[in-house]
Amino acid sequence: MSAAGKSATITLDGKTAELPLLSGTLGPDVADIRKIVGQLGVFTFDPGYGETASCESKITFIDGDEGVLLHRGYPIAGLAEGATFPEIAYLLLYGELPTRRQNDEFVKTLTTHTLLHEQIRNFFNGFRRDAHPMAIICGTVGALSAFYHDGIDISNAASRDLSAVRLIAKIPTIAAWAYKYTQGEPFVYPRNDLTYAENFLSMMFARPSEPYVVSPILARAMDRILILHADHEQNASTSTVRLAGSTGANPFACIAAGIAALWGPAHGGANEAVLTMLADIGHKDNIPAFIEKVKDKTSGVRLMGFGHRVYKNFDPRAKIMQATCHEVLGELGITDDPLLELAVELERIAIEDEYFVQRKLYPNVDFYSGIILKAMGIPTSMFTVLFAVARTAGWIAQWKEMIEEPGQRIGRPRQLYTGAPVREFVPLDQREGAKMKVSEDMS
Ligand code: ACO
């Protein structure tokens, strides 16, 4: 892994640190700073970790400048076109695309783990009906660790695999039930004759009172959305899962931590925020004024669904999502969706605007996924939940890779302290402010 003996050198106060350069298979070399404190007595400062490789990984590669996304070496476009979501989950977990036999076995294993322990139903009743479904899935996924004790021995490879399968298999059931609960509708149990995507749609939309036939168009679109969100290298939620996992916490608790991190509007909450933004803009005529507001830094308004920490070129997932969006709307016969028209116009204007061009702000995957999901009848509050369903595959693959790494250590960043220097403790009755307050209160 060392870059042919190359190193970077830093000199400070006459002391020199040699930072060996490490080469990956793809991407820039990284300078190994692990000995810098011993050699120079200084830490490195990188808030937001934008310049820091936090781990070694073989799962996903992103080249943000070129708009490249690979899972285990395979470009995302080919995977989204030719594979199913369970194949991608298998690829992320085990490193290779499954053979037909391996795929059949994996799908069967997933299918037979979709049910929840019946007592988990009771958890849903504890939530308010108007709870955000992300709150429900965050709590319920964490609670799985109380039910599947046999799976929480993280030192056992078979237990790790079982937990991975349970999480990927059960998250759609939890997600769909969270939705049903907020609607006051009966829970729909998983069906073993359906695919992963079909089953999710059935649990979301079927009712015991009438037959439900899953549309193949919607099932394919759902499968593609799941594939496009399955993993994305060391983003905020994945890094959260790894950090929680580095302490030896059980996988259910770690995935619950990932769900919490995903919830924020700067991350998984963005597709929900895109629809809210489009609704606020309301009409094409209002776009120029909205763009001006976005450019005015004092407004605090951002163009949701635009920009990415890593992609400084078109997000490759956004390209596929854009095509899927038109496909789905076309096949559903939605030709005059005002939100879509608004989104297309907003995209056209923003892509040409100097502000966005200069800052390399392109539409990201969430710009289109919200529109497709809306067309499919998925309520806005479920958008981020769907993202969590898909990302569970990536999170658990990343967690597994980390636990299986020899010499894995607890994650523990340092800081640049800018608080008060050392000062002497002052007892309560001698503090100036405290004395005044007491005398005022007594008067
Ligand atoms: N609208 C307007 N201006 C923006 C936007 C945006 N969406 N995104 C970035 N900028 C501007 C910033 O104000 C900054 O301008 P400046 O250089 O004049 O100060 C510049 O572009 C760089 O922005 P940063 O905040 O440094 O970019 P960062 O990489 O930290 O942020 C992020 C990335 C959080 C995704 C940001 O682009 C954003 O908030 N986008 C909107 C939310 C969104 O769509 N998130 C989904 C991300 S994809 C995902 O999680 C699947």
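The model is predicted. Helix H18 also packs with helix H7, and a ligand has 21 residues around it.

**H10 with H18**
- The crossing of H10 past H18 is right-handed.
- From H10, the residues Ser237, Thr238, Val241, Arg242 and Gly245 meet Arg391, Trp395, Gln398, Trp399, Glu401, Met402 and Ile403 of H18.
- This contact consists of 5 nonpolar, 4 polar and 3 charged residues.

**H7 with H18**
- Helix H7 spans residues 157–183 and helix H18 spans residues 383–403; their axes lie 9 Å apart at an angle of about 170°.
- H7 is therefore roughly antiparallel to H18, because the angle is over 145 degrees.
- Residues of H7 in this contact include Leu167, Ile168 and Ile171, while those of H18 include Val389, Ala393 and Ile396.
- The contact of H7 with H18 comprises 12 nonpolar residues, 1 polar residue and 3 charged residues.

**Around the ligand**
- The residues that come nearest to the ligand are Lys297, Leu303, Gly305, Arg309 and Tyr355.
- Leu303 places a backbone N or O atom 2.8 Å from a nitrogen atom of the ligand.
- The side chain of His267 has an N or O atom 3.1 Å from an oxygen atom of the ligand.
- For Arg359, a side-chain N or O atom is 3.0 Å from an oxygen atom of the ligand.

Notes
Residues are numbered from 1 along each chain as its sequence is written. This is a predicted model: local features need pLDDT of at least 70, side-chain atom pairs count only at pLDDT 80 or more; totals for chains, interfaces and linings use all residues. Side-chain values use heavy atoms; hydrogens and water are left out. Axes are lines fitted to C-alpha atoms, for helices over the stretch in contact, and angles run from 0 to 180 degrees between N-to-C directions. Helices (H or I, at least four residues) and strands (E, at least two) are DSSP runs, numbered from the N terminus. Angles under 35 degrees count as roughly parallel, over 145 as roughly antiparallel, 65 to 115 as roughly perpendicular and the rest as oblique. Contact means heavy atoms within 4.5 Å. Ala, Val, Leu, Ile, Met, Phe, Trp, Tyr, Cys and Pro count as nonpolar, Asp, Glu, Lys and Arg as charged, and the others, Gly among them, as polar. A crossing is left-handed if the near helix is turned anticlockwise from the far one by less than a right angle, and right-handed if clockwise. A residue is near a molecule or strand if one of its heavy atoms lies within 4 Å of it. A polar contact is a pair of N or O atoms within 3.5 Å; within protein, one must be able to donate a hydrogen and the other to accept it, and residues adjacent in sequence count only if both atoms are side-chain atoms.
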